[in-house]
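Please read the notes below beside the structure. They are numbered so that each point can be checked in turn.

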Amino acid sequence: MENEKDIEDAKAHFEKLIKDQLERIKHLKAEGDWIDYSHIKPIIIGIIGGDGIGPEISKHTKSVLEFLLEEEMSKGKIELREIEGLTIENRAKEKKAIPDDVLAEIKKCHVLLKGPTTTPRKGDKWPNIESANVAMRRKLDLFANIRPVKVPEKNIDWVFFRENTEGAYMLGSKGIKITDDLSIDFKVITTQGSERIIRLAFEYAKRNTINKITVVTKANVVKTTDGKFLEIAKKVAKDYPKIEWDDWYIDIMTAKLIDPSRQSQFRIFVAPNLYGDIITDEAAQLQGGVGTAGSANIGKKYAMFEAIHGSAPRMVEEGRAKYADPSSMLRASIMLLDHIGLKEKAFQLERALDICTIYEKEVVLTGRSTGGTGEEFAKYIMKTVKNPDLEYKWKIHQ
Ligand code: IPM
Ligand code: MG
């Protein structure tokens with residue numbers, strides 16, 4: 001038979017993937033409880049610079065955190081720890097998405113703040129290693145990607161819950177090129193993986209008394225996997241009878257997100273991985289661009305907070321790294337502080353950032369010498385946090 005060997009190889013490859021996934025489900029079923037930070041001292045915050053503009057914006061974010069957490073650090077409650085080596089050069093050299101020694105350091109931290117890391121594409125000068133983000137999400141089982149987007153003047157107040165480990169990403173590097181003419185990728189949806197993200201979204205809604213959840217799939221076409229996600233949403237929703245929910249297909253969802261008559265009606269979204277990836281960029285653009293958005297990657301044991309934009313190598317090549325905007329990492333830091341229980345600090349930073357970037361804008365970054373530098377911006381944030389009028393400035397804008 002033609003291609004017999006190709007077919008046998010593909011079958012063996014597929015069999016291995018299925019076995020791995022069934023094994024993974026066993027672990028999901030035996031999953032423990034959420035980590036409780038109130039018993040941990042010090043809580044170690046690992047700061048990963050990443051590539052391109054990453055080290056620059058991380059440096060400024062770190063100085064803001066040092067300023068904000070001075071007391072906690074001096075009392076030994078918090079430790080800030082720099083993690084070296086998650087650079088494209090080092091990853092390319094080791095041919096690993098995350099080199100083993102770097103992963104070992106990462107695992108010694110409780111939470112992480114991560115700068116952007118370059119993801120090589122086919123044809124780049126780098127070997128085609130997997131995205132460090134994707135690998136970290138999977139290795140630390142950071143199953144929930146939470147991305148808030150706010151545009152107050154349009155009454156937009158959204159929180160996206162993107163499933164972060166499964167879907168089209170789970171085996172994104174494990175597709176099969178069967179012959180020169182045929183390539184097949186896989187998409188994985190599990191009951192456990194879907195249920196935990198959907199439940200988290202409903203729990204969040206309940207805790208914050210938000211009465212609206214929107215489930216996003218393409219279950220009319222991608223029937224088996226997306227169909228399962230939607231079925232599980234239906235089941236989970238029954239446990240929250242007071243929360244209203246609806247479901248949309250990803251195509252019409254992307255349209256409705258920019259429909260002024262609909263925008264303010266949405267509140268919380270929950271979606272499988274790739275759809276979540278796409279609509280969160282669209283949503284971030286409505287807020288002012290992907291550079292303005294932060295993102296939380298949360299699992300039961302670890303959590304990682306990051307900018308959602310890329311490493312902007314062109315800015316570095318053109319000598320503009322110092323003009324890179326650290327807002328995204330600062331927004332990510334707000335979520336980090338909130339996550340580890342430092343709610344007041346998170347609120348302080350959020351107020352200062354809103355004042356500096358939305359209302360007052362004494363230092364505006366343009367990514368070029370026409371605007372301020374990241375360092376000037378960080379100083380402006382610190383000055384604003386320290387300003388005794390912070391409360392007042394904040395209130396007049398509410
Ligand atoms: C994101 C990014 C990543 C993703 C890339 C860098 C792999 O787009 O965090 O949304 O697709 O998840
Ligand atoms: Mg993305």
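1. Setting aside neighbours within four places in sequence, phenylalanine 305 is in contact with Val111, Leu112, Leu113, Lys114, Ser295, Ala296, Ile298, Ala332, Met335, Leu336 and His339. Contact here means heavy atoms within 4.5 Å.

2. Some ground rules apply. This is a predicted model, in which local features need pLDDT of at least 70 and side-chain atom pairs count only at pLDDT 80 or more, while totals for chains, interfaces and linings use all residues. Residues are numbered from 1 along each chain as its sequence is written, chains are lettered from A and ligands numbered from 1 in the order in which they are written, and side-chain values use heavy atoms, with hydrogens and water left out.

3. Phe305 and Ile381 have the most contacts inside the largest nonpolar core, which has 73 residues. A nonpolar core is a set of buried Ala, Val, Leu, Ile, Met, Phe, Trp, Tyr and Cys residues joined through side-chain atoms within 4.5 Å. Buried means under 20% relative accessible area, exposed means over 50%, and partly exposed is in between (1.4 Å probe, protein chains only). Helix α13 (residues 327–339) gives this core its largest share, seven residues. Domain 1 (33–142 + 299–398) and domain 2 (145–289) both contribute residues, so the core lies between them. Another core, of 18 residues, lies apart from it and includes Leu86, Ala97, Ile106 and Leu142.

4. How many residues of α13 are buried? The count is 11 of 13, so the helix is mostly covered. Among the buried ones are Met329, Leu330, Arg331 and Ala332. Helices (H or I, at least four residues) and strands (E, at least two) are DSSP runs, numbered from the N terminus. The expected span of a helix is 1.5 Å times one less than its number of residues; for α13 this gives 18 Å, and its end C-alpha atoms are 18 Å apart, which agrees. Just after α13, glycine 341 takes a positive phi of about 95°.

5. The C-alpha centres of domain 1 and domain 2 lie 24 Å apart. Across the boundary, 11 residues of domain 1 are in contact with 16 residues of domain 2. The domain bounds come from an automatic or database domain assignment.

6. The structure holds nine aromatic pairs. Rings of Phe, Tyr and Trp (its six-membered ring) pair if their centres lie within 6.5 Å; planes under 30 degrees apart count as stacked, over 60 as edge-to-face and the rest as tilted. Tryptophan 158 and phenylalanine 160 form an edge-to-face pair, 6.0 Å centre to centre with 90° between the planes. Tryptophan 158 is buried, at a relative accessible area of 1%, and phenylalanine 160 is buried at 2%.

7. Some backbone angles deserve a check. Most residues other than glycine have a negative phi, and most peptide bonds are trans. Lysine 41 and proline 42 are joined by a cis peptide bond, with omega about -5°; proline 42 lies in the loop between α1 (4–29) and β1 (43–48). Asparagine 3, in the segment before α1, has a positive phi of about 60° and is partly exposed at 35% relative accessible area. Threonine 209 has a positive phi of about 40°. Threonine 209 sits in the loop between α8 (191–207) and β8 (212–217) and is exposed, with a relative accessible area of 73%.
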